[in-house]
Amino acid sequence: MDGNLADQGTRVPHVPEAVGGLTLVGARYCMLMDRSVAHLYYADDEHRLSVHVVPGPVRFEWPQRRSTMGRTVHLLRTEGMAVGLTSEDSEAVEAFARALSVQSATVR
């Protein structure tokens, strides 16, 4: 799925096809603050999870996790990239963060 992003020169971390019952269903670009970011989205019948890959420098202490407006947001670095995970299901965010750390360790 991330092949289309790579074809356009966007580097994304190795992501799983499915995590915690959520399956990768699409990818696109979207605006986030001052830049265009890669947006991968996962879903099942009830829940959704977004993965935003933010290019360039980002100033945060890593990792960072908070809940806002009924959604859990987890910011982390993986494979040298800034990644934001967002979902209304906090368990899905946690499962995906674990999966990314395993994927990252496997790639090394």
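Predicted model: local features only at pLDDT ≥ 70, side-chain atom pairs only at ≥ 80, totals over all residues.
**Phe96.** I started by looking up what Phe96 touches, counting a contact when heavy atoms come within 4.5 Å. Leaving out residues up to four places away in sequence, I get Pro16, Val19, Tyr42, Leu49, Val51 and Leu85. Residues are numbered from 1 along each chain as its sequence is written, and side-chain values use heavy atoms, with hydrogens and water left out.

**Cores.** Next I checked the nonpolar cores, meaning sets of buried Ala, Val, Leu, Ile, Met, Phe, Trp, Tyr and Cys residues joined through side-chain atoms within 4.5 Å. Buried is under 20% relative accessible area, exposed is over 50%, and partly exposed is in between (1.4 Å probe, protein chains only). The largest core has 23 residues, and Leu40, Tyr42, Leu49, Val51, Leu85 and Phe96 touch the most other members. Strands E2 (22–32), E3 (35–43), E4 and E7 (81–87) and helix H2 (90–107) each give two or more residues to this core. H2 gives the most, with seven residues. I also found a second, separate core of five residues, including Cys30, Val37, Val54 and Ala82.

**His52.** Where does His52 sit? I find His52 in strand E4 (residues 48–54). His52 counts as buried because its relative accessibility is 15%. Not counting residues up to four places away in sequence, His52 touches Cys30, Val37, Ala38, His39, Ala82, Val83 and Gly84.

**Salt bridges.** My rule was a side-chain nitrogen of Lys or Arg within 4 Å of a carboxyl oxygen of Asp or Glu. That gives four salt bridges. Glu94 pairs with Arg65, with the closest N and O atoms 2.6 Å apart. Glu94 lies in H2 and Arg65 in strand E5 (residues 64–68), so this pair ties together parts that are 29 residues apart in sequence. Arg65, Glu94 and Arg98 are linked in a network of salt bridges. Glu88 and Arg71 meet at 3.6 Å, N to O. Glu88 is in the loop between E7 and H2 and Arg71 in strand E6 (residues 71–78), so that pair ties together parts 17 residues apart in sequence. Asp34 and Arg35 also form a salt bridge, at 3.0 Å between the closest N and O atoms. Asp34 counts as exposed at 58% relative accessibility, whereas Arg35 is partly exposed at 23%.

**Whole chain.** Last, I noted that buried residues make up 44% of the 108 residues.

Methods
Helix = DSSP H or I, 4+ residues; strand = E, 2+ residues; numbered from the N terminus.
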